[in-house]
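I opened a new notebook page for this structure. Below is what I looked up, entry by entry.

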Amino acid sequence: MSHSLYPHLLAPLDLGFTTLRNRVLMGSMHTGLEETKDWPRVAEFYAERARGGVALIVTGGMAPNAEGGVFPGAAGLYTPQDIENHRVITDAVHEAGGKIAMQILHAGRYAYSPDCVAPSPVKSPISPFPPKELDEEGIEKQIADIVTAATRAQEAGYDGVEVMGSEGYFLNQFIVTHTNKRTDRWGGSYENRIRLPIEVVRRVREAVGPEFILIYRLSMIDLIPEGSTHAEVVQLAQEVEKAGATIINTGIGWHEARVPTIATSVPRKAFAWVTKKLMGKVGIPVITSNRINMPDVAEEVLADGCADMVSMARPFLADADFVNKAAEGRADQIAPCIACNQACLDHTFSGKLTSCLVNPRACHETVLTYAPTETPKSIAIIGAGAAGLSTGIIAAERGHRVTIFDKADQIGGQLNMAKAIPGKEEFIGLVDWYARMVETAGITLRLGVAPGVEDLRGFDEVVIATGVTPRDPQIPGQDGPNVLSYVDVLLHKAPVGKRVAVIGAGGIGFDVAEFLVHEGESPTEDLTLWKTEWGVSDPARDRGGVAPEGPRPEAPARQVTLLQRKNEKPGKRLGKTTGWIHRAALKMKQVEMAAGVNYERIDEKGLHISLGEARENPTLIEADTIVLCAGQVSNRSLADELEAAGIEAHVIGGADVAAELDAKRAINQGAHLAAVL
Ligand code: NAP
Ligand code: SF4
C-alpha cells in the first residue's frame, strides 16, 4: 500500500502485540444485520469492508445481558451457538486480511425496555421507561456480564472489544452527576463515579489477557449540562489506560444532547479539536471521530496532531473500498457519505435494516449484486438526476453501453437544489462524484438534449428517469410577480424580498426556509460560527462543553413564515434522526410556522389565509415574496409517448412515483434495475 498520498492515514500502528495496517477504524454502527441471524450475510458485510483496506472494524453494539440491550431481543453473545455464529464473521474478516473488535454496549437508561437499569432512577428524555436503580449486587452483575461478553468475544475469534463508555450509555451514566445521584462508593465524588468504567476495563483486561485489543470509547464532550470537564476527561483517560486499555476512542455528545453531532449540517471534522486536547496526556493511541468522511479530511486531522487514528463509520456504508481507493490515488471515486442519515440511522430508529442512500448495496451485499453482464446492451437513460445516474453507472460498470440524456446543461437534477442549501454542502461532493463516475464508467453523456421517441428506437433498453415538475397549487393570484417556485429560488437564484411566506412545509419548504434565513458564510463551512450557533464551548471552560450563554445564532437574513394545510406539527415527517435539527435550526432563526391553513389568495400585500375546515380567521401574512413548495408531480410525458409508440421503457425515480420522492428511493430503484438489465 502506497503511503505517499496520505502518509499519516496509511501508516501502520504498532500496538505492541499486534500491528494495525493503517490508521483507519470503521466505527461501530447498529445495522440490524445481526438480528437477521443470516450470518453469512453479516460476515460478507464486514468482510467486504476488510477487503476494502480498513485496519480495524468495530461491530455494532452487542448487549452483555438482557437488561443492557438497546431494545428487548438486542443481539449479544449469550449461548455457545451465538459464539459459533460470530465465528463466521471473524473468520470472514480475517480471511479478508482485516481485524475486528466487538463492541460491548450496555444501554443503561437508554434501553427501550421496562427492565432497564441505571445508577439512579433518572428517566431519560429519549425513552419512556424509568430505569431501576442498581444495588451493589446489581452493579457487580453488570460488571461480570460485560467481562463474560468480552471473553465470549475472544472465544468467537474477535481481535478485541470496544467497551462503550460514551454517548450517554450505561458507563457514561455513572460518570456524571446528571444521572448518578448515588451516595455509595459508586457515586458522589468523581473518583467514585468513574469507579465503574475503570473496574470494567481492569476486569476485562484481567479476563482476556494482555494480547487482546481493548478499546475504551470515552465521552470527550458530553454536550449536556452537568457533563464532564476536560480535566475530568483527562483523569478518566489516564485511569482507563492504567486499567489496561489498548486504545481510547472518542465519543461525542450524549444521545439526549440538543446539539447535532453527526448530521450533514455539522462541519467536517467538527470535533477533532476535542480529541486533540487529550493528545500527549495518555501513552496509548487516541482515536478521533465524527464528520470525517474523506481521506483528505482524515489525513489533515492526523497531520494536525488531533489523534493517532481516525474512526469513520457511515463512510464505510457509502463505500466499502474507501481505504483502497485512497491508497490507489482514486479518492475522487469514493462514494461520499453525505451524512444524511436517511438510509442508515433513520432506518435503525424505525426498526429497519440499515443501508445507505448513495450505496444501496450496504448491508445487502449478498442480495444485491452487480455481476458483469454476458449480453452487453445499448441502454438509453433519459434524465441525469439521482435515479438516472445511479442506473447508468451500475449498468455501465456491468458492461453495458450507456447513454444518458438530460435536457439541462448539467447533471444532478434535483440534487443541484440540495447543493444550494446552507448545511447541505455535502451534496456538492455527491454530484461531483457522479460526474467522475460517469466518466470512469465510460458513459456517453448528452446534456442539453431532450430525445424524442424516434431518437430512442435504436436502443435495446430505455430507462425513463425524467423526474418531477413542481405541483401547481392553484392559488388565486399565484401568477403575480411576487410569487416564485422553489426552483426559481434555489436553482435560478431569483431575488427574494425581506418578508417571505413559504407555501408547503415538506422537505423542500424547510430547505427553502433555511436558504432564505441565511446570508454569507454557511455555519457548516465555519466551525467557530457553527459552535456559537449551537452553543458548543470548550469543556475546559464549561462543563460538558455547553456554553452557559446558550445557542447564539446570527440574526435571520429574512422574516420567513412556513405554512402547511395539514393540521400537524410542521416537519413531523422529516427524517427521524434529523427532523429535530431542521426544526430547531428554523426556530433559532425565528421562522414562524403555521399549520391547518387554507390559502385563500395572493395579492401585492402578501398571502391571505384562513384557518380550519370552516375557513375562519381570515389573516394576511404580509410578504414581499411568496415561494411555492407544494410538492411535485411525476414528469411522465416521454414515458407516455413511448408507450403509445409501442416501445417498452422502465420508469424509475420521481417519474415513477413523485409522492415521497426522494434521492434514497430514486437511487435504490435505479440500482435494483441496473443490477438486472
Ligand atoms: P413533500 O415533502 O411532499 O411536501 C409537499 C408540501 O406541499 C407539504 O407541506 C404539503 O403540505 C404541501 N402541499 C401538497 N399539495 C399542496 C397543494 N395542492 N397546495 C398547497 N400545498 C400543498 O414534498 P417536497 O417538500 O417538495 O419534497 C419532495 C421530497 O424531497 C420529499 O418527499 C423529500 O423526501 C425530499 N426532500 C427531503 C429533504 C430532507 O430533509 N430529507 C429535503 C428536501 C427534499 P399540505 O398538503 O399539508 O399543505
Ligand atoms: Fe451516509 Fe446518508 Fe449513506 Fe447514512 S445513508 S451512510 S448518512 S450517505
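This is a predicted model: local features need pLDDT of at least 70, side-chain atom pairs count only at pLDDT 80 or more; totals for chains, interfaces and linings use all residues.

Entry one, the ligand shell. I sorted the shell around ligand 2 by class and got nine nonpolar residues, one polar and one charged. I then listed the members by name: Arg314, Leu317, Cys337, Ile338, Ala339, Cys340, Asn341, Ala343, Cys344, Cys356 and Leu357. Under the classes used, Arg counts as charged, so Arg314 is the charged member of the shell. I also looked up where ligand 2 sits, and the place is the largest cavity.

Entry two, the domains. How is the chain divided in the domain assignment? I found domain 1 at 13–348, domain 2 at 378–469 + 633–676, and domain 3 at 479–533 + 551–630. The centres of domain 1 and domain 3, taken over C-alpha atoms, are 39 Å apart. To the contact between these two, domain 1 gives 16 residues and domain 3 gives eleven residues.

Which residues have the most contacts inside the largest nonpolar core? I wrote down Tyr216 and Phe271, in a core of 163 residues. I followed up Phe271 and left out residues up to four places away in sequence; the residues touched by Phe271 include Ile221, Leu223, Ile252, Pro260, Trp530 and Val536. Apart from this core I found another, of 24 residues, with Val487, Ala513, Leu574 and Val627 among them.

Methods
Residues are numbered from 1 along each chain as its sequence is written. Chains are lettered from A and ligands numbered from 1 in the order in which they are written. Side-chain values use heavy atoms; hydrogens and water are left out. A nonpolar core is a set of buried Ala, Val, Leu, Ile, Met, Phe, Trp, Tyr and Cys residues joined through side-chain atoms within 4.5 Å. Buried means under 20% relative accessible area, exposed over 50%, partly exposed in between (1.4 Å probe, protein chains only). Contact means heavy atoms within 4.5 Å. A residue is near a molecule or strand if one of its heavy atoms lies within 4 Å of it. On a 1 Å grid over the protein atoms alone, a cavity is a set of points where a 1.4 Å probe fits but cannot get out, and a pocket is an open set with protein on both sides within 12 Å along at least five of seven lines; lining residues have an atom within 4 Å of a point. A molecule sits in a cavity or pocket if more than half of its atoms lie within 2 Å of its grid points. Domain bounds come from an automatic or database domain assignment.
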